[in-house]
Amino acid sequence: EILFMQPESTNRGDCPICCLPMPIGAEYSTLMACCSKIICKGCDHANQIREVEGNLQRKCPFCRHRVPASQQESKMDLMKRVEVNDPFAIGQMGIMRFYEGNYEGAFKYYTKAAELGDVASQYHLSCLYREGKVKMDEKKEFYQLEEAAIGGHPTARHNLGCREAENGNYERATRHLIIAVNLGHEPSIEMLKANYTKGNVSKADFAAALRAHQAAID
């Protein structure tokens with residue numbers, strides 16, 4: 001079953017500069033509004049040092065576009081990406097609308113981005129359905145969670161494990177949690193540990209998941 005296949009990496013993929021896997025936490029990366037690329041903090045910092053030492057103009061380390069001088073310019077760059085149907089940029093617009101309290105607007109952008117393959121937007125849609133920001137729909141929530149999990153979204157995978165456990169499907173819950181742990185998802189470790197103490201996870205599987213988790217975050 002495709003749902004329980006272990007993704008090669010998280011939905012964040014690799015840094016387009018150094019080609020190393022991106023950390024799960026957004027605080028370890030920088031979004032470039034000009035090209036919708038996510039750059040790891042290391043590459044972004046190295047680029048800034050090079051520019052400062054060479055007295056160079058600030059530019060995106062990926063597309064070499066001039067770095068916006070203001071938040072307004074950054075939003076204009078993002079809108080240009082939205083206009084060419086960039087799924088990541090459309091998803092970012094959904095996030096902006098969500099934090100403005102415009103849940104219908106967020107739903108519109110998330111839906112379009114999800115249809116274009118943006119995994120994070122699939123996860124965000126599941127949250128809207130679960131939290132009642134739009135009409136609550138458990139079937140649609142599970143569908144979006146599963147799509148996001150297949151795409152490598154660790155938190156979506158974790159949430160699937162939680163929901164399956166709530167429904168008494170402990171075997172399926174454990175399989176989801178193991179995949180999330182293998183992707184480097186920290187909160188899933190505690191849940192997997194609890195399942196291990198209850199006898200729902202074998203010692204070999206638990207040890208293998210811990211090793212995979214360590215490898216993912218190193």
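**Helix α7 and the architecture around it**

Helix α7 contributes nine named positions to the interior, and P154, A156, R157, H158, N159, L160, G161, R163 and E164 are its buried residues, where buried denotes a relative accessible area under 20%, exposed over 50% and partly exposed a value in between, with a 1.4 Å probe and protein chains only. The structure is a predicted model, for which local features need pLDDT of at least 70 and side-chain atom pairs count only at pLDDT 80 or more, while totals for chains, interfaces and linings use all residues. Residues are numbered from 1 along each chain as its sequence is written, and side-chain values use heavy atoms, with hydrogens and water left out.

The protein has 10 helices and 2 strands, assigned as DSSP runs (helices, H or I, at least four residues; strands, E, at least two) and numbered from the N terminus. Along the sequence, the order of these elements is β-β-α-α-α-α-α-α-α-α-α-α. The C-alpha trace spans about 60 × 40 × 25 Å along its principal axes. Of the 218 residues, 41% count as buried. Among contacts (heavy atoms within 4.5 Å) with a separation of 6 or more, 46% are accounted for by residues 24 or more positions apart.

The buried residues of α7 are covered by elements that include α5, α6 (138-150), α8 (170-182) and α9 (186-197). Helix α7 comprises 13 residues (154-166), and its end C-alpha atoms are 19 Å apart, in agreement with the 18 Å that should be spanned at 1.5 Å a residue; the expected span is 1.5 Å times one less than the number of residues. Just after this helix, G168 adopts a positive phi of about 85°. Within α7, N159 counts as buried because its relative accessibility is 13%. Apart from neighbours within four places in sequence, N159 is in contact with Y123, R130 and L145.

L145 is also touched by S126, together with E141 and Q144, when residues up to four places away in sequence are not counted. S126 is located in helix α5 and is buried, with a relative accessible area of 0%. The side chain of S126 reaches the backbone oxygen of Y123 at 2.5 Å. This pair is a polar contact, defined as a pair of N or O atoms within 3.5 Å; within protein, one must be able to donate a hydrogen and the other to accept it, and residues adjacent in sequence count only if both atoms are side-chain atoms.

Helix α3 was examined in the same terms. At the N-terminal end, D86 caps α3 through a side-chain oxygen 2.9 Å from the backbone nitrogen of F88. F88 is itself one of the buried residues of α3, the others being A89, I90, G91, Q92, M93 and G94. The cover over these residues includes β1 (29-32), β2 (37-40), α2 (71-83), α4 (103-115) and α5 (119-131). G101, which follows α3, has a positive phi near 85°.

The largest pocket holds about 740 Å³ of space. Of its 29 lining residues, N11, R12, I38, F88 and A120 are the closest to its centre. On a 1 Å grid over the protein atoms alone, a pocket is an open set of points where a 1.4 Å probe fits, with protein on both sides within 12 Å along at least five of seven lines, and lining residues have an atom within 4 Å of a point. Grid points are joined across faces, edges and corners, and the volume is the space filled by probe spheres set on the points. At least two lining residues come from each of β1, β2, α3, α5 and α7. The lining of the largest pocket consists of 12 nonpolar, 13 polar and 4 charged residues, with Ala, Val, Leu, Ile, Met, Phe, Trp, Tyr, Cys and Pro counted as nonpolar, Asp, Glu, Lys and Arg as charged, and the others, Gly among them, as polar.

The second largest pocket has a volume of about 410 Å³. Its lining numbers 20 residues, with M22, P23, I24, A216 and I217 nearest the centre. Helix α10 (residues 203-217) supplies the largest share of this lining, 3 residues.
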